[in-house]
Amino acid sequence: MELLSEQIDKQLLDASLEFLLTHPHDDVKRFHNALIHWGSEWRVVEPSNLPATDYLTWAPTDSEDRIDSLLSLFTQNKSQLNWEQSYTKEDGVVGEDMLAAYGFAELIGKFGPFISEEVRCGIGVWGPNVDYPRHMHKAEEAYLVLSGSAKFKIGESPERLETSGDVIFVESMTPHGFQTADQAMVVFYLWQAGDLRETSTFG
Ligand SMILES: [Fe+2]
């Protein structure tokens with residue numbers, strides 16, 4: 001018999017894959033092959049909460065229905081997810097503003113719940129007035145903004161305000177960072193290539 005956690009994870013996986021594999025943006029299509037071939041193995045990942053999940057809320061909006069339904073599914077099931085952070089205070093690479101108000105929950109990746117060496121993806125939350133300093137990594141990355149907004153600075157491109165529905169693609173080893181203002185931002189993130197759990201380089 002399937003565990004309840006497996007049923008919930010599969011529901012999130014199906015909804016996320018449907019969202020991503022029907023996404024019209026070319027920068028999401030770059031990940032389609034890795035997503036289709038993500039693997040087949042599921043494992044139990046114990047839920048773990050973080051204060052950032054307070055910002056993962058959902059209310060009907062006028063954004064795209066497909067974004068609304070994905071956001072509502074993750075919001076309903078947020079207490080079942082394993083929320084984590086890549087950085088600690090001791091690392092000294094991100095500020096306490098960020099550590100107090102951010103977190104992500106992996107759906108597919110090295111640690112699961114869906115195990116993959118091909119692709120890493122999940123949901124990430126950044127509270128208001130958070131500065132994610134510029135950093136880089138070998139993996140290429142896409143942020144799909146589900147709700148809220150942030151000013152992104154990618155490589156040498158001018159800073160841009162990105163909001164719900166926008167897709168931000170980051171090439172391998174390209175410095176990138178963002179700042180939220182008075183709103184929290186929720187993203188769906190995608191990584192491929194490189195070590196899917198590599199440590200970012202800052203500065
Ligand atoms: Fe990144």
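Before counting any pairing, I note the rule: two strands pair if DSSP finds at least two bridges between them. I also remind myself that this is a predicted model.

**Entry 1, strand β12.** I started with β5 and β12, which pair in the antiparallel sense over eight bridges. I looked up one partner: Val 125 has Val 186 in β12 as its bridge partner. Then I checked β7, and seven bridges join β7 to β12, again antiparallel. In that pairing I picked out Glu 141, which stands opposite Trp 191 in β12. How many residues of β12 are buried? I get seven of its eight, so I write the strand down as mostly covered.

Next I went to α4, residues 65-76. I find twelve residues and a reach of 16 Å from the first C-alpha to the last, close to the 16 Å expected at 1.5 Å a residue. Which residues of α4 are buried? I list Leu 70, Leu 71 and Phe 74. Looking down the axis of α4, I see these buried residues fall within an arc of 95°, so they line one face of the helix. I then asked what covers them, and the cover includes α1 (4-21), β5 (119-126), β7 (140-147) and β12 (185-192).

The buried residues of α1 are Asp 9, Leu 12, Ser 16 and Leu 20. Down the axis of α1 they fall within an arc of 65°, so they line one face of the helix.

Last, I traced an open sheet of five strands in the order β9-β8-β11-β6-β13, with antiparallel pairing. Which strands are at the edges? I have β9 (160-163) and β13 (201-202), each pairing on one side only. Inside this order I looked at β6 (residues 131-136) and β11 (residues 176-179), which pair in the antiparallel sense over three bridges. There I noted Tyr 132 opposite Phe 178 in β11.

Methods:
Residues numbered from 1 in each chain as written. Predicted model: local features only at pLDDT ≥ 70, side-chain atom pairs only at ≥ 80, totals over all residues. Helix = DSSP H or I, 4+ residues; strand = E, 2+ residues; numbered from the N terminus. Expected span 1.5 Å × (residues − 1). Buried ≥ 20, exposed ≤ 12 C-beta atoms within 10 Å, placed from the backbone. Arc of directions from axis to C-beta. Contact = placed C-beta atoms within 7 Å.
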